[in-house]
Amino acid sequence: MLGDYFYHESLRKIIVAFGTIFNNIHIHRKDSNGNVVQSLKVPLAYSPKEKFIARLDQQPDLVQDRRVAVTLPRMGFEISGLSYDPSRKLNRMGQIKKIRASSTDGKVMNKQFNPVPYNISMNLYSFTSSAEGGLQIVEQILPFFQPDYTVTVNVMPQLKVKRDVPIILNSINYEDSYDGAFTNRRAVIYTMNFTAKTYLFGPTVSQGVIKKVQSDLYADTDTANTPREGRITVIPNPPNADVTDDFGFTTTIENFTDGKTYNPKTGSDE
(Lines give C-alpha, C1' and ligand atoms only; values in the text may rest on other atoms or scores of the structure.)
Protein backbone atom coordinates (compact mmCIF):
# COMPACT_ATOMS: atom_id res chain seq x y z
CA MET A 1 0.00 0.00 0.00
CA LEU A 2 2.75 2.45 0.91
CA GLY A 3 4.92 1.63 -2.11
CA ASP A 4 7.78 -0.53 -3.28
CA TYR A 5 10.47 -1.90 -0.97
CA PHE A 6 13.35 0.38 -0.04
CA TYR A 7 15.96 0.40 2.70
CA HIS A 8 18.65 3.08 2.99
CA GLU A 9 20.07 1.87 6.33
CA SER A 10 19.45 5.34 7.78
CA LEU A 11 18.90 4.13 11.35
CA ARG A 12 21.73 1.61 11.14
CA LYS A 13 24.19 4.29 10.04
CA ILE A 14 23.25 6.50 12.99
CA ILE A 15 23.73 3.56 15.39
CA VAL A 16 27.14 2.78 13.89
CA ALA A 17 28.18 6.45 14.02
CA PHE A 18 27.06 6.70 17.66
CA GLY A 19 29.01 3.61 18.68
CA THR A 20 32.11 4.78 16.80
CA ILE A 21 32.30 7.88 19.01
CA PHE A 22 32.90 5.75 22.11
CA ASN A 23 34.97 2.87 20.73
CA ASN A 24 38.33 4.17 21.97
CA ILE A 25 37.83 4.68 25.71
CA HIS A 26 40.66 3.49 27.99
CA ILE A 27 41.12 2.97 31.74
CA HIS A 28 44.53 3.24 33.44
CA ARG A 29 45.33 1.46 36.67
CA LYS A 30 48.17 2.91 38.73
CA ASP A 31 50.29 1.83 41.65
CA SER A 32 50.82 3.75 44.89
CA ASN A 33 53.47 5.92 43.18
CA GLY A 34 51.17 7.02 40.39
CA ASN A 35 52.78 4.81 37.72
CA VAL A 36 50.54 3.19 35.15
CA VAL A 37 50.70 -0.58 35.65
CA GLN A 38 47.82 -1.54 33.37
CA SER A 39 45.96 0.09 30.47
CA LEU A 40 42.59 -1.37 29.46
CA LYS A 41 40.54 -0.54 26.39
CA VAL A 42 36.89 -0.60 27.43
CA PRO A 43 34.91 -3.04 25.22
CA LEU A 44 31.80 -1.59 23.60
CA ALA A 45 28.77 -3.57 22.42
CA TYR A 46 25.20 -2.93 21.31
CA SER A 47 23.26 -4.47 24.15
CA PRO A 48 20.58 -3.42 26.64
CA LYS A 49 21.50 -2.57 30.20
CA GLU A 50 19.39 -5.37 31.68
CA LYS A 51 21.45 -8.01 29.85
CA PHE A 52 24.67 -6.78 31.44
CA ILE A 53 23.12 -6.66 34.90
CA ALA A 54 21.68 -10.16 34.52
CA ARG A 55 25.08 -11.44 33.42
CA LEU A 56 26.74 -9.91 36.47
CA ASP A 57 24.11 -11.34 38.81
CA GLN A 58 24.54 -14.81 37.38
CA GLN A 59 28.34 -14.71 37.73
CA PRO A 60 29.36 -12.11 40.34
CA ASP A 61 33.09 -12.75 39.98
CA LEU A 62 33.10 -11.14 36.53
CA VAL A 63 34.52 -8.07 38.26
CA GLN A 64 37.62 -10.05 39.08
CA ASP A 65 40.50 -10.70 36.70
CA ARG A 66 39.39 -14.11 35.49
CA ARG A 67 39.65 -15.49 31.98
CA VAL A 68 35.95 -15.38 31.15
CA ALA A 69 34.02 -14.13 28.14
CA VAL A 70 32.88 -10.89 29.83
CA THR A 71 34.76 -8.81 32.39
CA LEU A 72 34.51 -5.31 33.77
CA PRO A 73 34.99 -2.54 32.76
CA ARG A 74 32.56 -2.65 29.88
CA MET A 75 30.27 -0.33 27.92
CA GLY A 76 27.01 -0.88 26.06
CA PHE A 77 24.46 1.20 24.16
CA GLU A 78 20.99 0.81 22.68
CA ILE A 79 18.13 2.73 21.05
CA SER A 80 15.51 3.76 23.57
CA GLY A 81 13.00 5.53 21.29
CA LEU A 82 12.20 7.50 18.15
CA SER A 83 10.07 10.63 17.82
CA TYR A 84 9.08 12.98 15.00
CA ASP A 85 10.61 16.48 15.21
CA PRO A 86 8.20 19.06 13.70
CA SER A 87 10.63 21.94 14.38
CA ARG A 88 12.97 20.67 11.62
CA LYS A 89 10.31 19.85 9.04
CA LEU A 90 11.27 20.57 5.42
CA ASN A 91 9.02 21.37 2.46
CA ARG A 92 7.49 18.00 1.63
CA MET A 93 7.43 18.82 -2.10
CA GLY A 94 11.15 19.67 -2.23
CA GLN A 95 13.37 17.15 -4.00
CA ILE A 96 16.96 15.98 -3.94
CA LYS A 97 18.31 15.18 -7.41
CA LYS A 98 21.49 13.61 -8.75
CA ILE A 99 22.54 12.78 -12.30
CA ARG A 100 24.36 9.49 -12.79
CA ALA A 101 25.70 7.61 -15.80
CA SER A 102 23.83 4.56 -17.09
CA SER A 103 25.24 1.92 -19.41
CA THR A 104 21.84 1.28 -21.03
CA ASP A 105 20.17 4.66 -21.52
CA GLY A 106 22.84 7.31 -21.10
CA LYS A 107 22.41 9.53 -18.08
CA VAL A 108 19.73 8.94 -15.48
CA MET A 109 18.43 11.22 -12.74
CA ASN A 110 17.90 9.83 -9.24
CA LYS A 111 15.55 11.89 -7.14
CA GLN A 112 13.54 11.70 -3.95
CA PHE A 113 11.49 14.03 -1.80
CA ASN A 114 12.94 15.84 1.19
CA PRO A 115 13.67 13.59 4.19
CA VAL A 116 11.59 13.48 7.36
CA PRO A 117 13.15 14.76 10.62
CA TYR A 118 13.30 12.29 13.51
CA ASN A 119 14.96 12.32 16.92
CA ILE A 120 16.58 9.05 17.96
CA SER A 121 17.02 8.54 21.70
CA MET A 122 19.97 6.34 22.71
CA ASN A 123 21.37 5.25 26.04
CA LEU A 124 25.05 4.62 26.74
CA TYR A 125 25.99 2.49 29.75
CA SER A 126 29.33 2.08 31.49
CA PHE A 127 29.92 -0.77 33.96
CA THR A 128 32.97 -0.75 36.22
CA SER A 129 34.02 -2.53 39.40
CA SER A 130 35.32 0.67 41.03
CA ALA A 131 34.28 4.30 41.29
CA GLU A 132 37.66 5.40 39.89
CA GLY A 133 37.13 3.40 36.71
CA GLY A 134 33.70 4.91 36.17
CA LEU A 135 35.03 8.43 36.66
CA GLN A 136 37.77 7.83 34.08
CA ILE A 137 35.21 6.75 31.49
CA VAL A 138 32.82 9.62 32.15
CA GLU A 139 35.58 12.24 32.09
CA GLN A 140 36.72 11.07 28.65
CA ILE A 141 33.20 11.63 27.31
CA LEU A 142 31.63 14.70 28.92
CA PRO A 143 34.06 17.44 27.71
CA PHE A 144 33.11 16.75 24.08
CA PHE A 145 29.37 17.37 24.64
CA GLN A 146 28.49 21.06 25.17
CA PRO A 147 25.82 19.71 25.15
CA ASP A 148 26.06 18.32 21.58
CA TYR A 149 28.69 16.59 19.46
CA THR A 150 28.28 16.58 15.65
CA VAL A 151 29.17 13.69 13.36
CA THR A 152 28.99 13.60 9.56
CA VAL A 153 27.07 10.65 8.13
CA ASN A 154 27.03 9.55 4.49
CA VAL A 155 23.29 9.01 4.57
CA MET A 156 22.59 8.60 0.83
CA PRO A 157 25.70 7.57 -1.16
CA GLN A 158 23.73 7.17 -4.41
CA LEU A 159 22.69 10.82 -4.21
CA LYS A 160 25.97 11.91 -2.61
CA VAL A 161 24.10 13.31 0.39
CA LYS A 162 26.05 13.81 3.60
CA ARG A 163 24.49 15.33 6.70
CA ASP A 164 25.86 16.65 9.97
CA VAL A 165 24.00 14.90 12.77
CA PRO A 166 24.16 16.59 16.19
CA ILE A 167 24.12 14.16 19.11
CA ILE A 168 22.95 15.87 22.29
CA LEU A 169 23.74 14.69 25.82
CA ASN A 170 20.50 15.01 27.81
CA SER A 171 21.19 13.46 31.21
CA ILE A 172 23.53 11.27 33.28
CA ASN A 173 22.41 8.81 35.95
CA TYR A 174 24.67 7.13 38.50
CA GLU A 175 24.22 3.83 40.32
CA ASP A 176 26.55 2.22 42.86
CA SER A 177 25.58 -1.09 44.43
CA TYR A 178 27.67 -0.57 47.56
CA ASP A 179 24.95 -1.90 49.93
CA GLY A 180 25.09 -5.42 51.29
CA ALA A 181 27.75 -7.71 52.71
CA PHE A 182 31.45 -7.23 52.05
CA THR A 183 31.44 -10.46 50.05
CA ASN A 184 28.97 -9.10 47.50
CA ARG A 185 30.40 -7.77 44.27
CA ARG A 186 30.25 -4.05 43.47
CA ALA A 187 29.09 -2.58 40.17
CA VAL A 188 29.30 1.13 39.36
CA ILE A 189 26.92 1.99 36.52
CA TYR A 190 26.64 5.28 34.61
CA THR A 191 23.70 5.75 32.25
CA MET A 192 23.99 8.59 29.72
CA ASN A 193 21.00 9.52 27.59
CA PHE A 194 21.55 11.06 24.15
CA THR A 195 19.38 12.39 21.33
CA ALA A 196 20.53 12.19 17.69
CA LYS A 197 18.76 14.67 15.40
CA THR A 198 18.69 12.92 12.05
CA TYR A 199 16.54 12.54 8.93
CA LEU A 200 14.88 9.49 7.40
CA PHE A 201 14.76 9.23 3.62
CA GLY A 202 11.96 7.81 1.50
CA PRO A 203 12.17 5.80 -1.74
CA THR A 204 14.41 6.90 -4.60
CA VAL A 205 12.96 7.27 -8.11
CA SER A 206 15.06 7.06 -11.28
CA GLN A 207 14.19 8.69 -14.61
CA GLY A 208 15.99 9.62 -17.80
CA VAL A 209 17.19 13.18 -18.37
CA ILE A 210 14.73 15.13 -20.54
CA LYS A 211 16.50 16.28 -23.72
CA LYS A 212 13.45 17.16 -25.83
CA VAL A 213 10.08 18.79 -25.17
CA GLN A 214 7.34 18.70 -27.80
CA SER A 215 3.99 20.44 -27.59
CA ASP A 216 1.31 20.06 -30.26
CA LEU A 217 -1.33 22.75 -30.90
CA TYR A 218 -4.93 21.91 -31.76
CA ALA A 219 -7.89 24.01 -32.94
CA ASP A 220 -10.28 22.03 -30.71
CA THR A 221 -10.14 20.57 -27.22
CA ASP A 222 -11.02 17.13 -28.62
CA THR A 223 -7.40 16.32 -29.40
CA ALA A 224 -8.12 12.62 -29.99
CA ASN A 225 -10.24 13.33 -33.09
CA THR A 226 -8.77 16.66 -34.19
CA PRO A 227 -5.59 16.91 -36.29
CA ARG A 228 -2.71 18.95 -34.89
CA GLU A 229 -2.13 22.25 -36.63
CA GLY A 230 1.10 23.36 -35.04
CA ARG A 231 4.04 22.01 -33.06
CA ILE A 232 6.63 23.62 -30.80
CA THR A 233 9.80 21.63 -30.14
CA VAL A 234 12.49 22.68 -27.66
CA ILE A 235 15.91 20.96 -27.40
CA PRO A 236 19.16 21.97 -25.67
CA ASN A 237 21.76 23.87 -27.65
CA PRO A 238 24.12 22.05 -28.15
CA PRO A 239 22.02 18.83 -28.18
CA ASN A 240 24.67 16.87 -26.22
CA ALA A 241 24.78 19.38 -23.35
CA ASP A 242 24.81 18.02 -19.81
CA VAL A 243 22.72 19.32 -16.93
CA THR A 244 25.78 20.96 -15.40
CA ASP A 245 26.87 22.66 -18.67
CA ASP A 246 26.24 26.25 -19.72
CA PHE A 247 23.76 25.80 -22.57
CA GLY A 248 20.80 27.43 -24.25
CA PHE A 249 17.74 26.15 -26.10
CA THR A 250 16.69 25.80 -29.72
CA THR A 251 12.96 26.33 -30.35
CA THR A 252 11.38 25.04 -33.56
CA ILE A 253 7.80 26.03 -34.61
CA GLU A 254 6.03 23.99 -37.29
CA ASN A 255 2.62 24.36 -38.98
CA PHE A 256 0.66 21.42 -40.47
CA THR A 257 -2.23 21.05 -42.92
CA ASP A 258 -2.00 17.29 -43.54
CA GLY A 259 -4.76 16.37 -41.08
CA LYS A 260 -2.59 13.95 -39.10
CA THR A 261 -2.49 13.46 -35.34
CA TYR A 262 0.53 12.66 -33.20
CA ASN A 263 0.49 9.19 -31.64
CA PRO A 264 2.43 9.24 -28.34
CA LYS A 265 2.70 5.42 -28.28
CA THR A 266 4.49 5.13 -31.63
CA GLY A 267 6.07 8.60 -31.55
CA SER A 268 4.92 9.39 -35.09
CA ASP A 269 2.20 11.33 -36.93
CA GLU A 270 -0.62 9.15 -38.23
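A pocket is here an open set of points, on a 1 Å grid over the protein atoms alone, where a 1.4 Å probe fits, with protein on both sides within 12 Å along at least five of seven lines; grid points are joined across faces, edges and corners, and a volume is the space filled by probe spheres set on the points. The second largest pocket is lined by 17 residues (those with an atom within 4 Å of a point), and Val 209, Ile 210, Lys 211, Pro 236 and Phe 249 lie nearest its centre. Two or more lining residues come from each of strand E11 (205–208) and strand E13 (228–237), strands being DSSP runs (E, at least two residues) numbered from the N terminus. The most, 3 residues, are given by E13. The lining comprises 12 nonpolar, 2 polar and 3 charged residues, where Ala, Val, Leu, Ile, Met, Phe, Trp, Tyr, Cys and Pro count as nonpolar, Asp, Glu, Lys and Arg as charged, and the others, Gly among them, as polar.

In the largest pocket, the space amounts to about 370 Å³. Of its 18 lining residues, Arg 92, Phe 113, Asn 114, Pro 115 and Val 116 lie nearest the centre. Strand E6 (106–113) and strand E7 (116–128) are the elements that supply two or more residues to this lining, and E6 gives the most, with 3 residues. The lining of the largest pocket divides into 10 nonpolar, 5 polar and 3 charged residues.

Residues are numbered from 1 along each chain as its sequence is written. In this predicted model, local features need pLDDT of at least 70, side-chain atom pairs count only at pLDDT 80 or more, and totals for chains, interfaces and linings use all residues, while side-chain values use heavy atoms, with hydrogens and water left out.

Notes. Helix = DSSP H or I, 4+ residues; strand = E, 2+ residues; numbered from the N terminus.
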